[in-house]
Amino acid sequence: MAKTKLFTYIIDGLNAENGEIIKKALQKIPEIKSITIDTIQGTVALLSTKDYEIEVKYACEIAGASFRIKMKTKKGFF
């Protein structure tokens, strides 16, 4: 069984409305165990077995937000 990891992405223009749209789009992927939207910091965090950066970018386009960068969690913020 694959180990789950935390993947965090910075999203520009993230608010409660488009955060819910992003969350609903990503909930369609069964391999994602947890989705955390933080509108204060402008981040989306996924707990999953692999990186879903492309899917997060698509979800941001659907919601009208801008994907900025994937955060490296082991070495600090960037």
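What radius of gyration does the protein chain have, and what would a compact globule with 78 residues have? The protein chain has 12 Å, which agrees with the value near 12 Å for such a globule. The model is predicted.

## Overall architecture

Two helices and four strands make up the fold of the protein chain. Their order along the sequence is β-α-β-β-α-β. The C-alpha atoms fill a box of roughly 35 × 30 × 20 Å along the principal axes.

Buried residues account for 33% of the 78 residues. The protein chain exposes about 5200 Å², and carbon and sulfur atoms supply 54% of that area. Among contacts between residues at least 6 apart in sequence, 65% join residues at least 24 apart.

## Strand pairing

Strand β1 (residues 5-12) pairs with β3 in the antiparallel sense, over six bridges. Here Thr8 stands opposite Ala45 of β3.

β1 also pairs with strand β4 (residues 66-71). This pairing is antiparallel too, with five bridges. Ile11 stands opposite Phe67 in β4.

## Helix α1

Helix α1 spans residues 16-26. Asn18, Gly19, Ile22 and Leu26 are its buried residues. Seen down the axis of α1, they fall within an arc of 110°, so they line one face of the helix. Ala16, Glu17 and Lys24 are exposed on the other side.

What do the buried residues of α1 pack against? Their partners are β2 (32-38), β3 (43-48) and α2 (53-63). At the start of α1, a side-chain oxygen of Asn15 comes to within 3.1 Å of the backbone nitrogen of Glu17.

Notes. Residues numbered from 1 in each chain as written. Predicted model: local features only at pLDDT ≥ 70, side-chain atom pairs only at ≥ 80, totals over all residues. Heavy atoms only, no water. Buried < 20%, exposed > 50% of the residue type's maximum accessible area, 1.4 Å probe, protein only. Arc of directions from axis to C-beta. Contact = heavy atoms within 4.5 Å. Polar contact = N/O pair within 3.5 Å; in protein donor to acceptor, adjacent residues only side chain to side chain. Pairing = 2+ DSSP bridges. Rg over C-alpha atoms; globule rule 2.2 N^0.38 Å. Areas by Shrake-Rupley, 256 points an atom, 1.4 Å probe, with all protein chains shown as cover.
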